[in-house]
Structures are given as structure tokens and as C-alpha cells.
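Dear colleague,

Please find the structure below, handed over for your use. My notes on the findings follow it.

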Amino acid sequence: MELIPYLALGSALAGLALAAFFYTNVKKASPGNDRMVYLMEEIQKGAKAFLKQEYTWVSGFVVVMAILIAVLISGYGAFTYVIGAILSGLAGYVGMTVATMANARTTEAAKDGPSKALPIAFRGGAVMGFSVAGFALGGLMLVYLLMVDVFALADGFEVVTSYGLGASSIALFSRVGGGIFTKAADVGADLVGKVEAGIPEDDPRNPATIADNVGDNVGDVAGMGADLFESYAGSVIAPIALTAFALQLDPSASSGEDGYIGTGGAFSLLMFPMFVAFIGMVSSIVGSFFVRSGSSTDSRALSRALHMGTNIAMGLTIVGTVAGAYWLFGDAEVFDQPAGLAISVVGGLIVGWALGKSAEYYTSDHFKPVKQIAEQSETGPATTVLKGISIGMVSVAASVALLVIGIGVAYWGGDLAFGDTALGANGFGGIYGVAVAAIGMLATTGVVVSVDAYGPIADNAGGIAEMAELDPSVREVTDALDALGNTTAAVAKGFAVGSAALTALALFKSFEFALNKAAESDGQISRAQLDAGETILNLNIGDIEVFVGLFLGAMLPFLFAALTIDAVGRAAYQMIEEVRRQFREIDGLREGREGVNPDSARCVAISTNASLKEMIIPGALAVIVPMVIGFVSIDALGGFLAGSLVTGFALAIFMANAGGAWDNAKKYIEGGAHGGKGSDPHKAAVVGDTVGDPFKDTSGPAMNILLKVMTIVSLVFASAFVSL
């Protein structure tokens with residue numbers, strides 16, 4: 001049992017080794033002709049330049065936060081915070097580098113059909129997937145082993161949670177900054193190019209095309225990678241923190257495998273999330289080798305091929321989790337039914353899959369919702385937008401229902417595991433079950449992110465095919481891969497936002513226990529009061545402070561969404577004006593005269609400068625607001641976190657699904673329905689897609705990070721809130 005952290009660390013290193021293998025595999029493939037290589041390198045240069053500037057800006061924020069943590073918490077906490085931030089940024093950079101290398105190679109492979117193109121796009125995405133999972137799990141295990149086992153710090157578990165805060169900090173800025181960049185370019189390219197100029201998507205005459213392709217990588221690859229990095233790390237940290245704070249564990253007083261400070265079964269509770277992560281990593285590695293494609297461009301066939309790896313990984317994870325639950329909990333007297341915790345994890349995994357399938361139903365052009373949006377485009381952009389909004393809202397009901405079922409099953413499983421034992425009596429078992437359910441959702445992160453990162457690579461491949469003026473048959477293949485990519489992205493977002501809700505709930509409960517621990521140390525509450533069920537945190541909504549906090553929390557996700565959407569709008573305005581200027585002033589550009597090229601670098605610069613400036617306020621809100629409220633009133637902070645969790649989850653689902661539905665409705669029409677490309681319905685669908693762009697790629701994906709950042713900030717600074 002004591003070897004589990006080392007097994008998890010070993011599996012993380014195996015994941016990184018697989019990423020290196022796939023990198024070599026992709027690099028060997030041909031990038032195509034000189035024009036394709038030139039386009040690939042331009043996209044690479046733009047993406048690397050943006051990330052360099054973004055990380056430079058964010059590093060200032062990281063330094064300030066590290067100083068705050070060092071002063072208010074501990075120097076070790078500041079160290080683990082910085083480690084989490086560095087590894088999160090590194091995972092995003094590695095994935096983006098390979099994605100920009102895989103795009104032209106996917107285009108070249110598409111000349112021979114989807115059977116050649118899909119594996120290259122997937123392997124390019126797999127470098128991202130296993131870099132994210134490998135760095136996240138490997139870094140967390142190193143931090144845990146150092147702070148808890150080697151140094152045996154009295155506040156070792158508090159220090160470990162700072163690792164998650166570091167990951168969350170980078171994720172939030174990467175998602176917001178990258179999302180603003182990519183959507184400013186995308187909106188400018190679509191509205192001026194396809195609607196006003198009447199030229200195809202990714203046409204080489206469009207000055208914003210290169211910026212659009214750069215944005216796919218900095219937003220949908222690097223930003224998404226940082227997002228899933230913190231989601232994965234947070235899902236493992238949550239049950240560890242919950243156990244440590246609820247049971248008042250002190251690593252400096254370890255009593256070996258039986259637990260810390262005499263708490264029987266605590267060691268098993270700490271090891272279980274690490275074991276699930278280990279099993280999930282190994283399963284993801286095995287599953288990644290089962291992604292193969294036939295010669296058909298039918299999206300159903302491509303979807304089956306792409307999801308084969310995910311399904312196999314899920315199946316292996318279920319088997320391993322059940323075995324692990326009996327191994328870790330079968331002989332301990334403090335556990336009644338070991339199968340209960342296996343039920344919690346498997347329930348979380350199945351609900352995560354179901355959330356993804358729900359997203360697929362509402363965003364795939366094979367189903368009624370997207371076809372309804374396409375049909376509404378017959379009467380113009382207004383009805384197109386209205387239908388997309390209503391479908392996004394309806395999708396929230398299905399997702400909330402699934403989440404409630406998942407929480408119920410997970411809580412029941414945890415309660416079943418502890419039964420009438422001492423730990424089960426105070427509801428700890430049920431909350432622990434919810435916490436490990438979040439790991440179930442993200443246990444197969446390696447392969448889930450691989451499938452998600454595949455999408456931007458396929459999108460870029462289509463852009464290169466268009467800009468390099470290749471045979472239309474190549475674009476037909478890349479379009480089929482790209483349409484599937486929109487759906488896989490929606491599926492991954494379903495996993496991410498579902499796990500965010502469960503992880504935030506577990507972190508919230510950990511926050512309550514951390515407050516109690518700090519209050520007891522400070523003499524504000526006695527051990528007898530705590531044993532009697534009293535707590536320092538009041539969550540009675542009849543209390544004015546809690547009620548005010550609840551409303552502030554409900555408001556913040558809307559404010560955050562408004563700021564990020566407005567940021568995209570302002571950046572897109574600059575982009576649109578620049579594209580119009582170039583079409584107007586560069587003689588022969590719009591007509592496609594030979595030797596006349598657009599100034600793409602100017603468009604890349606506009607997106608870069610706008611996104612870096614615009615990401616600061618939304619990103620800072622997530623950290624500053626809970627800290628300010630926490631220092632004013634702990635009860636108000638509790639209400640604030642509860643309110644933001646509920647509205648944030650609903651908004652995230654609404655925006656992600658509405659945006660994905662608008663996008664695929666446009667692609668459905670471009671495939672020949674309702675008049676096809678260039679028709680009035682197509683123009684209406686482009687407007688709908690433009691509205692949906694910041695929904696699905698900026699505000700929506702950043703929402704789940706917002707929820708966890710605010711909760712983990714509260715957890716990390718809990719002792720400071722009590723003592724000051």
C-alpha cells in the first residue's frame with residue numbers, strides 16, 4: 001500500500017514516455033510541400049510568440065501570489081504553488097508545440113484519406129493528453145512524497161493543496177487569454193471573409209486566417225491543456241485534502257500504514273485517489289493504441305474510431321477500481337462495504353461519460369437540436385441565435401439532472417462504504433464518495449485530452465489545405481475530421497465541467513474542515529464542540545452575511561462571462577477593421593492577384609495585444625474577490641462559494657453547448673443542407689457561429705476553472721481568514 005504514490009509516479013513517467021513516443025512518430029510524417037511547410041511555420045511562430053508573452057505577463061501574477069502564500073501560509077506552500085504553475089504552463093507549451101507540428105502533417109496524410117490522417121491528428125493530440133496527465137500526476141506525487149513522507153511537515157497537506165492553486169492560476173489565464181485571442185481572430189475572419197467578402201473559410205486572401213489558426217493552438221490546445229491539467233490535479237487533491245482536514249491528520253505524527261495520529265483507515269483513504277489515478281493512467285496508455293480509422297469520411301465511423309480508445313480506457317479503469325477498492329478497504333474494520341467507494345468512482349466515470357454524450361446530442365449535426373438551428377437559419381440570423389440560446393438552456397436541464405444523479409450515487413456509495421462506523425456517522429463517507437467520483441470522471445484524462453486536442457489539429461489541417469490550395473478532396477477529409485473535433489471538444493468540456501462541480505463540492509467541504517482546524521488552534525472553538533457537530537462556518541441562508549454572499553456568488557459567473565465576451569467583442573472589432581482595411585487598401589488582395597499577400601503578422605499582433613490586456617481583470621477577479629470576502633466574513637465567503645458553484649455550472653453548460661450547436665449547424669449547412677455555402681441561411685448560420693464562438697471557446701470553458709480557483713483559494717487561505 002505504501003508503494004501506491006510511487007506506482008502513480010511511475011505511471012505518470014510512463015505517460016510522459018508515451019508522449020515522447022508519439023512526438024517522434026508524428027515528427028517522422030511528411031509535412032507536405034513548401035507552401036504547407038511555410039504555413040505551418042508561420043502558425044508555429046505566432047503561437048510561440050503569444051505564449052512567451054502570455055507566460056511573461058502571468059509570471060508576475062505568480063510571483064505576487066507566491067509571496068502572499070509565503071507570508072500568510074508558509075514558504076513550502078509558495079514552493080509547491082510555483083511548481084504547479086510551472087508544470088501547468090509546461091504541459092500547455094509542449095502540447096501546443098506538437099499540435100502546430102502535426103497540422104501540416106495531418107493535411108498531407110489527408111491526401112490518402114482519413115485512415116492516414118486521423119491517427120496523425122490523434123497522436124499529435126495524444127502528446128498533449130499524456131503531457132497534461134503525466135506532468136499533473138507526476139508533479140503532484142513528487143510534492144506529496146516530499147512534503148508528507150520525506151519532510152513530514154505538520155502542515156504537509158495544506159502545502160500540497162497549494163500545488164493545485166498554482167495549476168489553477170495558469171489555467172485560468174491561459175483559458176481566458178487564449179480564448180480571447182482565438183475568438184477575436186475567428187470572428188474577424190468569418191464576418192469579413194465569409195459574410196462580407198464572400199470568400200471561403202481559411203482562404204489565403206484573408207489577413208486573419210493565420211491569426212485564426214494560431215488562435216486554435218493557443219486557446220484550444222495550450223489553454224485547454226492547462227484547463228485539464230488543473231482539473232485533473234484538483235480531482236486528486238480534493239479527496240486527499242478532505243481526508244487530511246476532516247481527520248486532522250498530521251504527517252509529523254505518522255503511525256505508519258494504520259494511519260496518522262492513530263486514525264485507523266486514514267492511510268487507505270489517502271492512497272485510494274492515487275490508486276485510481278494510477279489505474280486511469282495505465283488504462284489511458286493502453287486505450288490510446290486502439291484508435292484506428294477506416295477509409296470512410298462518415299462522421300459516425302470516425303467517431304467510433306476516435307472514441308474506441310476512450311471506451312477501452314474506461315472499461316479497464318472500472319475493473320481496476322473495483323479490485324483496488326477491495327484491496328485497500330476490504331480488511332479494515334472502519335469500512336463496512338468496500339464496494340461502496342468503487343461504486344462512487346465508477347458512478348462518477350459513467351456520469352462524466354453521460355455528460356459528454358449529452359453534449360454530443362446537443363452539438364452534433366446527427367441529432368435534432370443542430371438540425372433545428374440549421375432550419376431556423378432559413379429565416380435569418382435572429383431566429384438562428386434564438387434557437388441556439390434555447391437549445392443551450394435546455395441542455396442545462398439534462399446536465400444538471402445527470403450531475404444530481406452522479407452526486408446521489410457517489411454519496412450513497414461513500415455512505416455505504418462507511419456504514420454505521422464512526423467515520424460514517426458524521427456524513428464524511430458520503431462527501432468522500434463525491435470527492436473520488438470526480439477522479440472517476442477524469443481518471444482517463446490522458447486519452448480524453450488526446451481526443452480533445454485532436455480537434456484543433458484537424459481544424460488547422462483544413463486551414464492549411466485551403467491556404468495551400470490543395471485538391472478539394474483533401475479539404476473534404478479534413479472537414480470531416482474537423483466536424484468530429486467540434487463534438488469531441490464538447491464531450492471533453494462535459495467531463496471537465498462535471499468534475500469541476502464535484503471537485504468544488506469536495507474542496508468546499510475541505511475548506512470547512514480547514515476552518516475548523518484553524519479555529520481550534522486559535523482557540524475560537526473547542527474539540528468538544530467540533531465532536532458535537534458544531535462548526536466555525538455558518539451556512540444558514542437566513543443569516544444576512546450568508547444571504548449576501550450567496551447573491552454575490554450567483555452574480556460573479558455572469559460578470560466573469562460578460563467581461564470575457566466583451567473582451568472578445570472589443571478585440572474582434574479591431575480585427576474586423578484591420579481585415580476591411582487590408583481588403584480596401586491592398587490592391588489586388590481581394591481578387592487574389594498572384595504575388596499579392598495579406599499582412600497576417602498585423603492580425604496576429606492585434607489578437608496578441610488585445611488578449612493579454614483583456615485577460616487581467618477577469619483572471620484577477622477569481623482570486624481577489626474570494627480573498628476580500630474571506631477577510632471580511634467567513635460566513636459570507638461560504639455563501640459566495642455556494643452561489644457561484646450553482647450558477648457557474650449552469651452557465652458553463654449553457655455556453656459550451658449553445659456554442660458547439662451553432663458551430664455545427666453552420667458546418668451542416670456547408671455540407672449542402674439549406675442551400676449550402678454562400679446561401680442566405682449559410683450567412684445566418686455564420687452569424688450564429690460567431691455569437692457562439694466566445695460562448696464555447698472563451699467564457700464557457702473558463703467557467704469551470706473559475707469555480708475551482710475560487711474554492712481552492714479559499715481553502716489555501718483558510719487559516720489566514722480565521723487568524724486575521
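F654 is buried, because its relative accessibility is 13%, and buried here means under 20% relative accessible area, with exposed over 50% and partly exposed in between (1.4 Å probe, protein chains only). F695 also counts as buried, at 13% relative accessibility.

This is a predicted model, in which local features need pLDDT of at least 70 and side-chain atom pairs count only at pLDDT 80 or more, while totals for chains, interfaces and linings use all residues. Residues are numbered from 1 along each chain as its sequence is written, and side-chain values use heavy atoms, with hydrogens and water left out.

Aromatic pairs

A search of the whole structure finds 21 aromatic pairs. Rings of Phe, Tyr and Trp (its six-membered ring) pair if their centres lie within 6.5 Å; planes under 30 degrees apart count as stacked, over 60 as edge-to-face and the rest as tilted.

The rings of F428 and Y432 form a tilted pair, because their planes stand at 35°, with the centres 5.9 Å apart. Both residues belong to helix α13 (residues 428-442) and are four residues apart, about one turn of the helix. Helices are DSSP runs (H or I, at least four residues), numbered from the N terminus. F428 counts as buried at 3% relative accessibility, and Y432 is buried with a relative accessible area of 0%.

The rings of F654 and F695 have centres 5.7 Å apart and planes at 65°, so this pair is edge-to-face. The pair links distant parts of the chain, 41 residues apart: F654 lies in helix α20 (residues 634-670) and F695 in helix α21 (residues 680-716).

Helices

Helix α1 (residues 4-28) packs against helix α3 (residues 75-110) at an angle of about 35°, and their axes are 9 Å apart. Axes are lines fitted to C-alpha atoms over the stretch in contact, and angles run from 0 to 180 degrees between N-to-C directions. In contact (heavy atoms within 4.5 Å) are Y23, V26 and K27 of α1 with V98, M101, A102 and R105 of α3.

Helix α14 (residues 445-467) has 23 residues and reaches 33 Å from its first C-alpha to its last, close to the 33 Å expected at 1.5 Å a residue; the expected span is 1.5 Å times one less than the number of residues. Of the 23 residues in α14, 22 are buried. E469 follows α14 and has a positive phi, near 55°.

Yours sincerely

Technical notes
Helices (H or I, at least four residues) and strands (E, at least two) are DSSP runs, numbered from the N terminus.
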